[in-house]
Amino acid sequence: MRFDFVDLRLLVHVAEAGNLTAGAARLPIALSAASQRMRKLETLFGVALFERERDGVRLTADGVRCVEHARVLLRAADRMQRELTHPARQGRQVLRLAATTVTTAEFLPDVLGRFLAQHPDVDVEIDERQSAATIQAIRDGEHDLGIIDGNAGAERLALLPFSRDKLVLVAHADHPLAALRQVSFATALDHPFVALRPDSGMQQFIERAALLHGGKLQVRLRVPSFEALYRLVAAGAGLGVLPEAAALRYRGAGQPVTIVEFSDRWAERELKLCARDFVSLSPLQQRFVGFLARGDE
């Protein structure tokens, strides 16, 4: 079976545009040539990919599956070209990983540091995403390996335990909530907060949780890092939410900050490695998964 990547790219463009003319224009190729290429694909696979309608085309069930496979192949081809033609990457391997904000900031640095020290020919690219976006990227073939919190939405994907993530409230020692051992998030919403930037996956998670509790975060200031958030809380600017590991690390600086646990179950989450399946990962990816499973070598 032979087909070329121009056909696959055209197929994706037509599917996205819902129109053969618009899809051909994106490439660009002549409409007659585009029509011929689509017929060639249908003949090659022996299925109808589109249903022709008055105002365009609509994918058949076989067409949907074909487009999914086409996207995976195109992304793999683009990645191969990028890695093999970039002078700085020749002779090197690249480990790509999608992960949440908390994972990237708190759990991966030490692990990746040890892994890279043992593998001097490997470079790492981390794509910071929310868990739902990571799951979708793995399903679409955009990523092979990711780290997510929990397993909601990850049905039919392979999961392995990685670590645990616990979110806590940080408050100035003089704040009324600092006297509590535990507090509900709904109660904390009555007070102003210092928050991370809105493009942070963790911050988006927190603000969705606020909406689910029938409230909204009263944000006085947004900052780019956990450390900046902690320092502002220490100065009395407002409450903050941090991973417990980060809060404990910064508390050693002698700042007047109290850590208060949330009573909400969602505040404690299990981080998991996620893949379509771990057997089909590349040797480098399997080596990394094994490294995490063994803990430290």
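The side chains of E42 and R52 meet in a salt bridge, with N and O 3.3 Å apart; a salt bridge is here a side-chain nitrogen of Lys or Arg within 4 Å of a carboxyl oxygen of Asp or Glu. The pair links distant parts of the chain, 10 residues apart: E42 belongs to helix α3 (residues 31-45) and R52 to strand β1 (residues 50-53). Helices (H or I, at least four residues) and strands (E, at least two) are DSSP runs, numbered from the N terminus. This is a predicted model, in which local features need pLDDT of at least 70 and side-chain atom pairs count only at pLDDT 80 or more, while totals for chains, interfaces and linings use all residues. Residues are numbered from 1 along each chain as its sequence is written, and side-chain values use heavy atoms, with hydrogens and water left out.

**Salt bridges**

- Side chains of opposite charge can pair when their charged atoms come close.
- The structure holds 20 salt bridges.
- A salt bridge joins E53 to R58, and the closest N and O atoms of this pair are 2.9 Å apart.
- Another salt bridge, at 2.9 Å from N to O, is formed by the side chains of E261 and K166.
- E261 lies in strand β11 (residues 257-262) and K166 in strand β6 (residues 158-172), so their pairing ties together parts that are 95 residues apart in sequence.

**Exposure of the paired residues**

- E42 is buried, its relative accessible area being 14%; buried means under 20% relative accessible area, exposed over 50%, and partly exposed in between (1.4 Å probe, protein chains only).
- E53 is partly exposed, with a relative accessible area of 38%, and R58 is also partly exposed, with a value of 42%.
- E261 has a relative accessible area of 28% and is partly exposed, and K166 counts as partly exposed at 21% relative accessibility.

**Residue A17**

- A17 is found in helix α1, which covers residues 5-17.
- The relative accessible area of A17 is 26%, so this residue is partly exposed.
- Leaving aside its neighbours within four places in sequence, A17 is in contact with A22, G23 and R26, where contact means heavy atoms within 4.5 Å.
- A17 and R71 are 54 residues apart along the chain, and their C-alpha atoms are separated by 15 Å.
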